[in-house]
Amino acid sequence: MSREVIVLGAGMVGVSVAWHLQERGYRVTLVDRQLPGRETSFGNAGIIQREAVRPYPFPRDLATLLRVLPNRQVDIRYRPGGLLQAAGPLFRYWMNSAPSRYAQIVPAYAALIIRSMDAHASMIKQVQAEDLIRKEGYFEIFRTAKAMDAECRRAEGDRDHYGVEYRVLNSAALAEAEPNFAPGLAGAIHWTQPWTVVDPGALVAAYAEGFVARGGRFVQATLQGLSRQGPQWQIATDSESLSAELVVMAMGPWSASWLATQGISVPLFVKRGYHMHYSSRGAAKLNHWVMDAEVGYLMAPMRAGIRLTTGAELSGQESSPRYQQLAAAEAVARQLFPLGERLDAEPWKGGRPCTPDMKPVIGPAPGQPGLWLGFGHGHQGFTMGPITGKLLGQMIDGETPEVDMAPYRAERF
């Protein structure tokens, strides 16, 4: 087999795939229209998660559906056109969120989550990016005792089954940890294992710089063509043509449209997200990454300011931005914490690539020798990127992966 590989996509997943293949002795070329870590990986909440062993299911209870229907919530909004465009995948998402099916999905999802932090740790050490990492976990705050008690029960089960660690803060303990919060909160769960990242895009860039420093090649160019001629894959870009026997498709939400040109149909849909950075008023300080669980946004004290990230917007990948969801989140966040002025010229937007069964696509492309897949990680591409690269390397080299990869293969669709 040739030792030349082209990896398409330089987000966290693509960079991590390139890194691990390079460690295995492959000569790797990484291609993206943007610099590494400047698309979806740039805009996330910056948490390398260990507690998130359960993917986000589609709401199925009537109360939640009726709450979402007016399209004014912070945690989820939709565009009718986007719903129609993704009607098939969304229906399958709803079906897979039924309790019996969901229970079968969780173990496969958790198998990746519980290995992700160790995969990051090795890469962080090698590129000396420790200054970007905080190992203090994050807070999930609750406004009502009912919601907090329900999450505590789930946390207890996840501790027993998946080794999730946490501590429970009552109202007084939360106020001591975050003294600038408005009073009246029920408390919080402090997820103690996750690491937080003060600049997510910078971490991806550091991994990419390490890859290049060891002899890897990065080509900033727009993909224009993907075809196979004999044993070789031909990659046409707006700057040069490339060829290799092995290609990895890791283009996040853009992966499905390129695979369609090869006769491969993957039911990918997008959950749009937005963020904005803020100063704080006066001497107020946000001490932890904080998820406002019952509202559906997250605040994070990052290098660029306090990053506020929204929940999900079901819309087309290339749809024009709508900032009402961010404005609604900001209004609630200002009641909780004394946010100051906006620091960015305009809000950031990006799309999370999601699959109907909530699991990523990792493995060989069906019917296309030499083409490999790594995308569809939903909310967890930033967390799962390094373990995805490690597992793909094991598969490409014909080894027995440390995880059963059948649940992630494209053939499942």
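## Close-up views of a predicted model

View A. C152 is buried, with a relative accessible area of 17%. This model is predicted. C354 is buried too, and its relative accessible area is 5%. Both values fall under 20%, the cut-off for buried. How many disulfides does a search of the whole structure find? The count is zero.

View B. In general, strands of a sheet pair through backbone hydrogen bonds, either parallel or antiparallel.

View C. Strand 22 pairs with strand 23, residues 371–375. The sense is antiparallel, and the pairing runs over four bridges. Within this part of the sheet, I362 stands opposite G374 of strand 23.

**View D. An edge-to-face pair of rings, F181 and F337.** Eight aromatic pairs turn up in a search of the whole structure. A pair of aromatic rings is described by the distance of the centres and the angle of the planes. For F181 and F337, the ring centres are 6.4 Å apart. Their planes meet at 85°, so the pair is edge-to-face; the cut-off for that class is over 60 degrees. F181 lies in the loop between helix 7 (171–177) and strand 8 (187–191). F337 lies in the loop between helix 10 (324–336) and strand 20 (339–342). The pair therefore ties together parts that are 156 residues apart in sequence. Are these two residues buried or exposed? F181 is buried, and F337 is buried as well.

**View E. A cluster of rings.** Three residues, F58, Y93 and F269, are linked into a cluster by ring pairs.

**View F. Arginines over tryptophan rings.** R60 has its charged end over the ring of W94. The distance to the ring centre is 4.0 Å. R214 lies over the face of W19. Here the distance to the ring centre is 4.1 Å.

Terms used:
Residues are numbered from 1 along each chain as its sequence is written. This is a predicted model: local features need pLDDT of at least 70, side-chain atom pairs count only at pLDDT 80 or more; totals for chains, interfaces and linings use all residues. Side-chain values use heavy atoms; hydrogens and water are left out. Two strands pair if DSSP finds at least two bridges between them. Helices (H or I, at least four residues) and strands (E, at least two) are DSSP runs, numbered from the N terminus. Rings of Phe, Tyr and Trp (its six-membered ring) pair if their centres lie within 6.5 Å; planes under 30 degrees apart count as stacked, over 60 as edge-to-face and the rest as tilted. Buried means under 20% relative accessible area, exposed over 50%, partly exposed in between (1.4 Å probe, protein chains only). A charge sits over a ring if NZ of Lys or CZ of Arg is within 6 Å of the ring centre and within 35 degrees of the ring normal. A disulfide is a pair of cysteine sulfur atoms within 2.5 Å.
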